[in-house]
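I opened this model to look up a few things and write them down. The notes follow in the order I took them.

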2 protein chains.
Amino acid sequence: MSRAQFFRNFLTRYLRAQLPNKESTLAKFHFPVATHTIKTIKTDETITLNGHLNRKPRVRSSRSFAELRDANGDTIQLLLDPEHTPLEFLELVKSSGAEDSVSVSGFVKQKHQRDNDIEQELVVKNFQILNNSNLDAARLDKLKHSNPNDLPPQFRYLQLRTKFFQNSLKTRSKVANLIRNILINNHDFDEIETPLLFKSTPEGAREFLVPTRSPNLFYALPQSPQQYKQILMSSGFTKYFQIAKCFRDEDLRADRQPEFTQVDMELSYINSSDQVGIVVEDIIHNVWNKIGKMPTYRVNDNNMLEKVTEFDSLQFTKLKYRDALAKYGIDKPDLRSSLELVNLSKFFTSKNPDFPIVEACVLKNVEGKIPKCLTDSNNYSRRKPIVISINDPNTWYKKFVEKHVINLAPEFDESALRAELDLESGDVLAFSNRAELPYENPTPLGRFRQLAMNEFPNKWNRKLVDDAENVTTDYDSSRVFVGSWVVDFPLFNPIETSEAGDDFPSYDFNRFESTHHPFTMAKLEDFDYLSTDPLTVRGEHYDLVINGVEVGGGSRRIHDAELQKYIFEEILQITNYNDLFGHLLHALSMGCPPHAGIALGFDRLCAMLIGSPSIRDVIAFPKNQSGVDPVVESPTGVPEKTLKEYYIQNL
Amino acid sequence: MSRAQFFRNFLTRYLRAQLPNKESTLAKFHFPVATHTIKTIKTDETITLNGHLNRKPRVRSSRSFAELRDANGDTIQLLLDPEHTPLEFLELVKSSGAEDSVSVSGFVKQKHQRDNDIEQELVVKNFQILNNSNLDAARLDKLKHSNPNDLPPQFRYLQLRTKFFQNSLKTRSKVANLIRNILINNHDFDEIETPLLFKSTPEGAREFLVPTRSPNLFYALPQSPQQYKQILMSSGFTKYFQIAKCFRDEDLRADRQPEFTQVDMELSYINSSDQVGIVVEDIIHNVWNKIGKMPTYRVNDNNMLEKVTEFDSLQFTKLKYRDALAKYGIDKPDLRSSLELVNLSKFFTSKNPDFPIVEACVLKNVEGKIPKCLTDSNNYSRRKPIVISINDPNTWYKKFVEKHVINLAPEFDESALRAELDLESGDVLAFSNRAELPYENPTPLGRFRQLAMNEFPNKWNRKLVDDAENVTTDYDSSRVFVGSWVVDFPLFNPIETSEAGDDFPSYDFNRFESTHHPFTMAKLEDFDYLSTDPLTVRGEHYDLVINGVEVGGGSRRIHDAELQKYIFEEILQITNYNDLFGHLLHALSMGCPPHAGIALGFDRLCAMLIGSPSIRDVIAFPKNQSGVDPVVESPTGVPEKTLKEYYIQNL
């Protein structure tokens, strides 16, 4: 025997010792496949089910019970008894545990019937373990049954097996497919993929970089397909969409993810943003009605909620930025509540000339109690309103005037003030001041309104016209979805100059940044202000807001290269605009047609639809707040040798 | 006047001077939108069309002619004459040029009628330029009309406006949507998005890295969703798919792209790969029939091509790896040709004991001419066959035996040889040798067969049963799509040890790598060889091959954590398998059910369908061979300051 052969023989013996047992391993690949899901079984049928054991089986000397959960998250009791179940399976079930994967055959028996509720069980004739679960399954089983969200996040696969998550990801799949079919079949759109290895254009959010194997050359992952889709408009496509992955390397508080999905659309040869809105509403109404099995609502001319029943014209009302800020203190108001801010400038003047508008918000029927959350500074980003419980509806303001917190206006009239606020003893009143055109968003009172709605859901429900044409405020607002379009945003903001500790925000009113992005067209009637007073210019931008959540935003774009250059160079003072956006200017200057578009936040849309506050519930493998995927444990270190190939090294 | 105010006034005057002309700019946003596409117009109708001018208008003193191209790539002549067209538009058309974007209204006139071919023109009553094109449009107009692919690639938007590219990207959109609807509606799949910010698992191709804002922590862009989809199988989803972006940082010769798209699928609780195949074939047959308007073909039991007419059972025949290599010299044979390799081991023995099989390929009806491409070394990756033109069909071999290129086998018989090869004078014969189980793929003769088919398309067409049940070889093979499943691949390859200049490839037969990936299950009947002779083990892998192109590949996976560990540790010798694949092992050990899947190359599928040899034709913005996007000019340099945030610096 040669040395090599001896070594091979030795190796073979060693390997044979290591190789898992043949019989038990191969048994995991031979099994009867499911004939049914639990939903589709009928009593007395002989069937096979595949799934996981939902709990550790209860093994008794006479009969044993197990519980199988199928891929829909439905469960059925398995009965193993000596009369029907071969002995080997009675033995086998003893060694099985929660979350083992099994194939079970037998016949369906009616266990008992309560009213119309038939409960069935499966009498087992064949029981096969397709894969065991490790000890963690048993350890975590209690959590799984009490609250799957409490499972350690590295066990995402255990969470995902539960009915809630199965439904949530399946719903997401259905929504994506419905949106695609609406866009393609109803509106003749084409889905076009744009590159994810894009170019660094450091405007807006921080981008992820991707090193290349050329010294100091990097791709960047796109924050959105915005620039490519505008180039597509110049490429002759008239109706583009894409359900697109986007990336932002930003802090992950506030239920954000470094990668997220948006429904991205763009249309050319349109001369009104309503043409975009109609397509979007067709999506929204259909998604809610067909998949959510819930109607959508609009605010009608009487300021009441009514169901949307037609999808082929703009249904959601338009709300101007200025009006939204004045009435609700935010550009994404939740219209389910009738709470509105009241402008008190007739009665009071503000001490701060940059924040001259004095306004109030009254909470009625709260028995004079001020919940802590409404005054907790942590709930406000900077300043907060003054919140008081009303004892004397006539004289509440006096101490604030005495302390010079506010001053009386020349035309002040106490009874008119009381009438204006409709104050009663026991109401809670919040007041604050704001700028004429606020860049604070939400304003202190806007945030107060949000917190109050949150604290008292359904308390100040807006009047709703129900199916019987009755007007009611007695409804569950968590099942009511009210949309609106917010329009007439300022095209530019002044650059904020205030620092962390400042009471009031401050701005440099001679330096501008785009409110949304630099490609948004000005309202045509505001064109002249582009040279005289950029901050007065309103943009052709529109936000879709549902229940206080900004679901999407879009605009008519600048398709004129000269105007786009003017915006870059003269207003935004981007000196290297040709390096950053030259490709876009070239594409525009090649006879690019007029175009407009929108992007919808797909993760948020799906989360709203399943009634979850977190987009993590509709993402299979979300990153945690440190950007870590707890399942695969990314990101990781990389060998220096690999970095070298990319001409980079660790700092 | 304060200094600040003076400065503001000055700035306003300056800005006003820079702001593009108001009237002409705003005119680009006010225009009549299209009432029709060119395809839908009827004679005498009054209509509006939007589109680009396909050429520079011909301006005459009496009448002018222009040509409008709409978004479908269709064109129509525009007639501007003083009788119908207002004077201002007659003037305007003089200043317009090719690729200007326009809105045109008027009435449709029948120009003339040839047989059934009615040609119409639009008599212009309103003509509006929505955006001018720059001078490059005129400069490049000739190229655009002769061959859009010759346009400089930075003008991709001009290419994309042409009918070919409009059709190609629109077809791609239709294919994606059809595939989604088949998987969701016919087969109950869910589309689930998996992360693109993944973990570096340096097996296989080179990955793109993504630095994070933590020292020495990187994400990697995924080469495929393979690991996440297996974790999804452990998460209780039974039918997953995703049309997924994937990334490989490899050399971009050979029509590859650093980012590409695949149709990725996985099914759990299945016990045969046919269950995957049936779903895939449903896709393939439907895509070809419904979108390509072409049938698909199978090789029937008589070795002839016949149309596939049923989609609900496996139709494409299975071809074993060994047989594919023996008959066609490659694991992805193009079955449209009847050319087969002939094993001559009965007649000859090879000088090289590691490559003992002597085989030949005969080209008939080529009049003794050997095209240069068949002998050009550049067309072969390493060694090439000996190619001769046959003068004497009986004695051609003699000089090779004399020169000891080959040796006569003991049982050599000249007349049997001639009969075996069916040789005639004027045939071209190629012969070479190969290993018993070749890891050279293609073998020299396999490559020869490819080159010969390429050089003589349709010459050796396989017999085809046509609609009238007649057998014919007289068909256009570019319209015939023949699929097959290639199976029984070796699960492992020996590590190749040969170097660039070597005549023959050489291997270290004691070190193994996965032929496809380390998650592929062994054929159950080969289980024992996992410890005794890993190279003998065949994998439960299947490739879908259409017309010599590997359209997809998949396998049944290892769902047993112990077996997977054995493969990692004992066979592949991956010592740090827990760092790289621990997440997968954990997911498997949590009762992960048996599963199998496949990935289809979506770009290639679309390119085949539109009859293009290049995936660049079905990608909106492909990278060039240097990985550069010529439209946006990525990748780019990044400021050191930005790199610092990512704790990296340039080398």
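This is a predicted model: local features need pLDDT of at least 70, side-chain atom pairs count only at pLDDT 80 or more; totals for chains, interfaces and linings use all residues.

Which residue in E11(B) is the bridge partner of Ile243(B)? I looked it up: Val263(B) is the partner.

**Entry 1: strand E10 of chain B**

I followed the pairing on from there. E10(B) and strand E11 (residues 259-268) of chain B run antiparallel, with 9 bridges between them. I then checked the pairing with strand E7 (residues 190-191) of chain B. Here 2 bridges join the strands, and E7 and E10(B) run parallel. Within this pairing I found Glu191(B) opposite Phe241(B) of E10(B). Next I asked about burial. Strand E10 (residues 239-247) of chain B has 8 of its 9 residues buried, so the rest of the structure largely encloses it.

**Entry 2: the sheet in chain A**

I moved to chain A and traced a sheet. I read an open sheet of 8 strands, ordered E7-E10-E11-E28-E27-E26-E23-E14, with mixed pairing.

Strand E27 (residues 549-556) and strand E28 (residues 595-601) of chain A pair antiparallel over 5 bridges. Gly553(A) has Ala599(A) as its bridge partner in E28(A).

**Entry 3: Asp74 of chain A**

Is Asp74(A) buried or exposed? Its relative accessible area is 13%, and buried means under 20%, so Asp74(A) is buried.

I found two lysines at its side chain. The side chain of Lys39(A) makes a polar contact with that of Asp74(A) at 3.1 Å. The side chain of Lys163(A) makes one with Asp74(A) at 2.5 Å. Beyond four places in sequence, I listed Ile38(A), Lys39(A), Leu68(A), Arg69(A) and Lys163(A) as contacts of Asp74(A).

**Entry 4: Val480 of chain A**

I turned to another loop residue. Val480(A) lies between strand E22 (471-472) and strand E23 (483-487) of chain A. Val480(A) counts as buried, because its relative accessibility is 4%. What does Val480(A) touch, not counting residues up to four places away? I noted Tyr297(A), Leu305(A), Arg336(A), Leu464(A), Tyr475(A) and Asn547(A). I also took one distance: 26 Å separates the C-alpha atoms of Val480(A) and Val428(A), which are 52 residues apart along the chain.

**Entry 5: helix H13 of chain B**

I checked the length of this helix. At 1.5 Å a residue, the 12 residues of helix H13 (residues 444-455) of chain B should span 16 Å. The end C-alpha atoms are 16 Å apart, which agrees. The buried residues of H13(B) include Leu445(B), Phe448(B), Leu451(B) and Ala452(B). Among the elements covering its buried residues I found helix H10 (321-328) and strand E17 (357-363) of chain B.

**Entry 6: the two copies**

Last, I superposed the chains. A rotation of 180 degrees with 0.0 Å of shift along its axis brings chain A onto chain B, with an RMSD of 0.1 Å. That is the relation of a two-fold axis. I then compared the interfaces: 100% of the interface residues of chain A are interface residues in chain B too, so the copies meet through the same surface.

How values were computed. Residues are numbered from 1 along each chain as its sequence is written. Chains are lettered from A and ligands numbered from 1 in the order in which they are written. Side-chain values use heavy atoms; hydrogens and water are left out. Helices (H or I, at least four residues) and strands (E, at least two) are DSSP runs, numbered from the N terminus. Buried means under 20% relative accessible area, exposed over 50%, partly exposed in between (1.4 Å probe, protein chains only). Contact means heavy atoms within 4.5 Å. Copies are superposed by least squares on the C-alpha atoms of residues with pLDDT of at least 70 in both. A polar contact is a pair of N or O atoms within 3.5 Å; within protein, one must be able to donate a hydrogen and the other to accept it, and residues adjacent in sequence count only if both atoms are side-chain atoms. The expected span of a helix is 1.5 Å times one less than its number of residues. Two strands pair if DSSP finds at least two bridges between them.
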